Amino acid sequence: MSEEIEKVKCLIIGSGPAGYTAAIYASRANMKPVLYQGLQPGGQLTTTNDVENFPGYPDGITGPEMMIELQKQAERFGTDVRSGWITKVDFTGPVHKVWVDGEKEVHADTIIISTGASAKYLGIESEQHYLNTGGGVSACAVCDGFFYKGQEVVIVGAGDSACEEAGYLSNICTKVTMLVRRNEFRASVIMEERVKAIDNIEIMYNTEIDEVLGDGQNVEKVRVKNNKTGETTEIPCTGVFIAIGHKPNTDIFKGWLDMDETGYIKNIPGSAKTNIEGVFVSGDAADHVYRQAVTAAGTGCMAALDAERYLAAKGLH
Ligand code: NDP
């Protein structure tokens, strides 16, 4: 026998800073939000060590601790936080339908999407090892660059993100070696020119990481390979930044919501609204530019306020 369909006023999908901030606002506005955490409760911040750039934590806080605090704050006002993965949606409207774990059906007057994005990694075993130890592999220079102050680092990638992050790191680190897998950049010319003009950035073309090497806990160097000549070299470094792009977690919304060519959901500028009435987006699912916890939290707040106004205008709140 199929389970009874549940009806909610506000359904929040995703449990990063965007989702929990939306939940704090929505629950304080008495929208009785239900939040599904997704596959990685807490989102990308749970893979970050210390967060030192979120206002209000003068001594810093670890990513996982911060997410526990945000969850507690959302629950304090009555958010119903559940584990579960949304597998399908139907936005034919006016009620928005979602299916949880392929089974349970929920109907929501408003939906706030905060499913985030996932950083892409090279997929080498040693890279994943030092990512997990927190000993030198990172996909976010703005988050982790400071820990490599006065040290030598390597950055992989040649898109706008890699250029931006290389520039950021060059102000903190003594030397930045940029590994470009082809013989040219993908980035816009202006970004490429900027990177080339910085003295302490060395660019190696046709070069890929073969292995990340260290003492088991911390990175000490990388072995790189020239993919034209096959020659290998070792580069001493304490940090390895992977900047080869992100993938927004928006696959289930394809065909329903307007997106750019890489899958980022388009919001109506100056709001969290999407092309579907009553469906809102916040955080990295719609943002490939800033991608910070604090900006995600800001757009989570916008989404909840927009959802509340939508409910009020429809006489549903
Ligand atoms: P991109 O997809 O633009 O670039 C990814 C880079 O990583 C490319 O140089 C690519 O190489 C390289 N790469 C991919 N896989 C590997 C791999 N396995 N090993 C080595 N190198 C690899 O991603 P970005 O995150 O840089 O940018 C995403 C979007 O965001 C773009 O549209 C960009 O313009 C935009 N953006 C804009 C900014 C701004 O305007 N300030 C700042 C940041 C991003 P290859 O070229 O060989 O494929």
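**Stop 1: the ligand**

The ligand is surrounded by 15 residues. Select Asp 160, Ser 161, Arg 181, Arg 182 and Arg 186, which are the closest. Keep in mind as you go that this is a predicted model.

Now color the shell by residue type. It divides into five nonpolar, five polar and five charged residues. Which helix gives the most to this shell? Select residues 160-170: this is helix α5, and it contributes three residues.

**Stop 2**

Show distances next. Pick Gly 159 and look at its backbone. One of its backbone N or O atoms lies 3.3 Å from an oxygen atom of the ligand. Move to the side chain of Glu 164. There, an N or O atom is 3.0 Å from a nitrogen atom of the ligand. Then select His 288. A polar atom in its side chain is 3.2 Å from an oxygen atom of the ligand.

How much of the ligand does the protein bury? Taken alone, the ligand exposes 920 Å², and the protein buries 71% of that. The ligand takes up the space of the second largest pocket.

**Stop 3: the open sheet**

Hide the surface and show the cartoon. Find the open sheet of five strands. Trace its order: β10-β17-β11-β12-β13, with parallel pairing. Select 137-138 for β10 and 201-204 for β13. These are the edge strands, and each pairs on one side only.

Strands of a sheet pair through backbone hydrogen bonds, either parallel or antiparallel.

Zoom in on β12, residues 175-179. Four bridges pair β12 with β13 in the parallel sense. Pick Thr 177: the residue opposite, in β13, is Glu 202.

**Stop 4**

Select β6 (86-90) and β7 (96-100). These two strands pair in the antiparallel sense, over four bridges. Find Lys 88, then look across to β7: Trp 99 stands opposite.

Now follow the chain into the loop. The hairpin has five residues between the strands. Gly 93 takes a positive phi there, near 80 degrees. Step on to Pro 94, which is in this loop between β6 and β7. What kind of peptide bond joins Gly 93 and Pro 94? The bond is cis, with omega at about 0 degrees.

Most residues other than glycine have a negative phi, and most peptide bonds are trans.

**Stop 5: a second hairpin**

Select residues 219-226, strand β15, and residues 232-236, strand β16. They run antiparallel, joined by five bridges. Click on Arg 223 and look for its bridge partner in β16: Glu 234.

**Last stop: Asn 30**

Go to the loop between α1 (17-28) and β2 (34-36), and select Asn 30. Is its phi positive or negative? Asn 30 has a positive phi of about 65 degrees, although it is not a glycine.

Terms used
Residues are numbered from 1 along each chain as its sequence is written. This is a predicted model: local features need pLDDT of at least 70, side-chain atom pairs count only at pLDDT 80 or more; totals for chains, interfaces and linings use all residues. Side-chain values use heavy atoms; hydrogens and water are left out. Two strands pair if DSSP finds at least two bridges between them. A residue is near a molecule or strand if one of its heavy atoms lies within 4 Å of it. A polar contact is a pair of N or O atoms within 3.5 Å; within protein, one must be able to donate a hydrogen and the other to accept it, and residues adjacent in sequence count only if both atoms are side-chain atoms. Accessible areas come from the Shrake-Rupley method with a 1.4 Å probe; for residues, only the protein chains shown count as cover. On a 1 Å grid over the protein atoms alone, a cavity is a set of points where a 1.4 Å probe fits but cannot get out, and a pocket is an open set with protein on both sides within 12 Å along at least five of seven lines; lining residues have an atom within 4 Å of a point. A molecule sits in a cavity or pocket if more than half of its atoms lie within 2 Å of its grid points. Ala, Val, Leu, Ile, Met, Phe, Trp, Tyr, Cys and Pro count as nonpolar, Asp, Glu, Lys and Arg as charged, and the others, Gly among them, as polar.
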